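Trainee: Could you take me on a close look at one part of this structure, and then show me how the rest fits around it? I am new to this, so please go step by step.

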Amino acid sequence: MRITKAVKQEMLSILEERYQGTATALDYSSPFELLIAVVLSAQCTDVRVNIITKRLFPEYNTPTKIKEMGLEKLEEYIRDCGLYHSKARNIMATCDILCQKYDEKVPETFEELITLPGVGRKTANVVLSQLFNIPAIAVDTHVFRVSNRLGLAKGDTPLTVEQGLMKAIPRNKWSDAHHWLIWHGRKVCKARKPECNTCPLAGLCPSKIL
């Protein structure tokens, strides 16, 4: 099947109907908590991140408090998270910048966010869309996989997929569609064994397994 603009719009309509109202699975109660949770989520499941932040945030939920706990103690708190050494260093450095430059507040522009250690395009886009209602598409492993399989946006890098999705999806639905693709990747279009037999997009998908 040729994936035309009309086919892409039909795919998006199906995804919207199926996943309308979905949001991030990360638990947080402040902009700073979300920022740290998304930094921790790199190469780590949201379920695992929520376990970690459930023990971290009740006591250490501001840049100053995390700075005061020190690197070694932070590493102990997040040890069961992948790449915890580098994540702890990045979080400490980010907290230092937030204290010195932003009065402990999370900056509200993409350009400022990506200057923070450990914050790349994906993290910045999640923060912008989730906290500040700025249309953005964050390409994580689920979004990357599902977009390529469906042909919504083909690409070898997250950036090329992000750019393709921005063309395929109306701007006012970027942030919502990001969640539709994530949840479809978690629930149906799984990495190792996609459940094509139950997928509502099977009739349109060029990658379906019969």
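Mentor: Let's start with two tyrosines: Y60 is buried, and Y77 is buried as well. Keep in mind that this is a predicted model. Y60 and Y77 form an aromatic pair with an edge-to-face arrangement. In general, two aromatic rings are described by how far apart their centres are and by the angle between their planes. For Y60 and Y77, the centres are 5.5 Å apart and the planes make an angle of 80°. A search of the whole structure turns up one aromatic pair. Y60 sits in the loop between helix 3 and helix 4, while Y77 belongs to helix 5, so the pair ties together parts that are 17 residues apart in sequence.

Another ring has a charged partner. R186 lies over the face of W183, 4.8 Å from the ring centre.

In soluble globular proteins, nonpolar side chains tend to be buried together. Here the largest nonpolar core has 38 residues, and L40, I66, M69, L74, I78, I91 and L113 touch the most other members. Several helices supply at least two residues each to this core, among them helix 3 (46-56), helix 4 (63-69) and helix 5 (71-77). Helix 2 gives the most, with eight residues.

Next comes the empty space. Rolling a probe the size of a water molecule over the atoms shows where such space is left. The largest pocket has a volume of about 740 Å³. Its lining is made up of 30 residues, with S41, C44, K122, D140 and T141 lying nearest the centre. Elements that give two or more residues to this lining include helix 8, helix 9 (141-150) and helix 10 (158-168). Helix 11 gives the most to the lining of the largest pocket, with five residues.

S41 lies in the loop between helix 2 and helix 3. The cut-off for buried is under 20% relative accessible area, and S41 counts as buried because its relative accessibility is 10%. Leaving out neighbours within four places in sequence, S41 is in contact with D46, V49, K87 and K122.

Not counting residues up to four places away in sequence, N125 touches F110, A136, I137, A138 and E162. N125 and V139 are 14 residues apart in sequence, and their C-alpha atoms are 8.6 Å apart in space.

Finally, look at the backbone. Most residues other than glycine have a negative phi. Q43, which is not a glycine, has a positive phi near 55°. Q43 is found in the loop between helix 2 and helix 3, and is exposed, with a relative accessible area of 72%. D103 is not a glycine either, yet has a positive phi of about 55°. D103 lies in the loop between helix 6 and helix 7, and is exposed at 57% relative accessible area.

Key. Residues are numbered from 1 along each chain as its sequence is written. This is a predicted model: local features need pLDDT of at least 70, side-chain atom pairs count only at pLDDT 80 or more; totals for chains, interfaces and linings use all residues. Side-chain values use heavy atoms; hydrogens and water are left out. A nonpolar core is a set of buried Ala, Val, Leu, Ile, Met, Phe, Trp, Tyr and Cys residues joined through side-chain atoms within 4.5 Å. Buried means under 20% relative accessible area, exposed over 50%, partly exposed in between (1.4 Å probe, protein chains only). Helices (H or I, at least four residues) and strands (E, at least two) are DSSP runs, numbered from the N terminus. Rings of Phe, Tyr and Trp (its six-membered ring) pair if their centres lie within 6.5 Å; planes under 30 degrees apart count as stacked, over 60 as edge-to-face and the rest as tilted. A charge sits over a ring if NZ of Lys or CZ of Arg is within 6 Å of the ring centre and within 35 degrees of the ring normal. On a 1 Å grid over the protein atoms alone, a cavity is a set of points where a 1.4 Å probe fits but cannot get out, and a pocket is an open set with protein on both sides within 12 Å along at least five of seven lines; lining residues have an atom within 4 Å of a point. Grid points are joined across faces, edges and corners, and a volume is the space filled by probe spheres set on the points. Contact means heavy atoms within 4.5 Å.
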